[in-house]
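Here is a quick tour for anyone meeting this structure for the first time. Have a look at the model, then read on.

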Amino acid sequence: MDNMFDLKGKVAVVTGGGGVLCSEMSIALAERGVKVAVLDRNEAAARAVVADITRRKGTAIAVPVDVLDKKSLENARDEVLKAFGTVDILINGAGGNKPEATASDTMSFFDIPAEAIQWVFNLNIIGTILPTQVFGKIMADRGEGVVINLSSMAAFKPLTRTVAYSAAKAGVSNFTQWMAVHFAQNYSPNIRVNALAPGFFLTTQNEYLLIDKNTGERTARGQQILDHTPVGRYGVPADLIGTLIWLVSDAAKFVTGIVVPVDGAFSAYAGV
Ligand SMILES: NC(=O)c1ccc[n+]([C@@H]2O[C@H](COP(=O)([O-])OP(=O)(O)OC[C@H]3O[C@@H](n4cnc5c(N)ncnc54)[C@H](O)[C@@H]3O)[C@@H](O)[C@H]2O)c1
């Protein structure tokens, strides 16, 4: 039974691996015997995660990358292949939102700058598609592999204010389905693509919406989120690990093209 979750000796590439959620994923994979390439634009953050993994006797390398630049991704791929020989798992974790692309009392939808909308679209959609081209090609050539994308609650039903992020993450969910079908039909049934849709995790990316920076108190939006999360708390990064391990392991051999909410029932709750 336990063997179906065995990941020992696999190689994982984690983009955004220096970030809050994906550093936890990188460490969790390394603890299970996976060799992890921590890819991030923020090299210092990636190095800190690698140092943590090494301290725990795991195997990892830090590789600087810009997920929006194909050449940079190809350089990263070459480094990963040199160090570990192959790629079994790709986690497309680099993503996010920013205040400039968010409607508010001081920024009406009509005034949101095109560059801000583009920034969010590029990071979440292009930043998922390009790494899947570069690392997915290795999987296509081998006929084997697993891709995990990071979607969001905003993809199921758009969240107020985060207009670009909601649309972009809906794109990530759509791409997850598209890619799953494409790999299975054209390359191998043993290449699977799924997405995690985390509920609300308090991180640097959304802190400005959930905590009032002047008082340190929960914002009205933060309270609304908790009121709509039946388990009554924000997620913590460790909450994602069980679902991640299931999806990247043989236990999910027939699971491809799905988006799994890990959300304390946020998406299940109608509000009454
Ligand atoms: N935090 C949440 O509540 C939440 C909820 C749903 C989905 N998500 C998604 O989960 C993923 C991880 O979120 P997080 O909260 O850990 O974010 P985070 O900001 O802590 O981590 C994102 C990482 O991506 C890196 N990055 C940004 N742009 C990059 C680029 N162009 N190239 C390479 N690396 C780049 C950053 O340096 C950072 O280390 C994101 O896709 C996010 O949208 C987060």
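## Before you start

This is a predicted model, in which local features need pLDDT of at least 70, side-chain atom pairs count only at pLDDT 80 or more, and totals for chains, interfaces and linings use all residues. Residues are numbered from 1 along each chain as its sequence is written.

## The whole chain

The chain has 9 helices and 7 strands; these are DSSP runs numbered from the N terminus, with helices being H or I of at least four residues and strands E of at least two. Its radius of gyration is 18 Å, close to the 19 Å that the globule rule gives for 272 residues, so the chain is as compact as a globular protein of that length. (That radius is taken over C-alpha atoms, and the rule is 2.2 Å times the number of residues to the power 0.38.) Along the principal axes, the C-alpha atoms fill a box of roughly 50 × 40 × 40 Å.

Of the 272 residues, 42% are buried, meaning that 20 or more other C-beta atoms, placed from the backbone, lie within 10 Å of a residue's own.

## Two domains

The chain is split into domain 1 (2-199 + 236-262) and domain 2 (202-234), with bounds that come from an automatic or database domain assignment. Where they touch, domain 1 gives 5 residues and domain 2 gives 5 residues; a contact needs C-beta atoms, placed from the backbone, within 7 Å. The C-alpha centres of the two domains lie 24 Å apart.

## Around the ligand

So where does the ligand sit? Both domain 1 and domain 2 give residues to the shell around the ligand, so it lies between them. Of the 30 residues around the ligand, G16, G19, L21, G95 and F201 come nearest; a residue is near if its C-beta atom, placed from the backbone, lies within 6 Å. The elements giving two or more residues to this shell are α1 (20-31) and α4 (114-142), and α1 provides the largest share, 3 residues.

The shell divides into 13 nonpolar, 14 polar and 3 charged residues. Here Ala, Val, Leu, Ile, Met, Phe, Trp, Tyr, Cys and Pro count as nonpolar, Asp, Glu, Lys and Arg as charged, and the others, Gly among them, as polar.

## A closer look at helix α9

In α9 (residues 241-248), L244, L247 and V248 are buried. Seen down the axis of α9, its buried residues fall within an arc of 90°, so they line one face of the helix; the arc is that of the directions from the helix axis to the C-beta atoms. What covers them includes α1, β4 (89-92), β5 (145-150) and β6 (191-198).

How values were computed. A residue is buried if 20 or more other C-beta atoms lie within 10 Å of its own, exposed if 12 or fewer, and partly exposed in between; C-beta atoms are placed from the backbone. Two residues are in contact if their C-beta atoms, placed from the backbone, lie within 7 Å.
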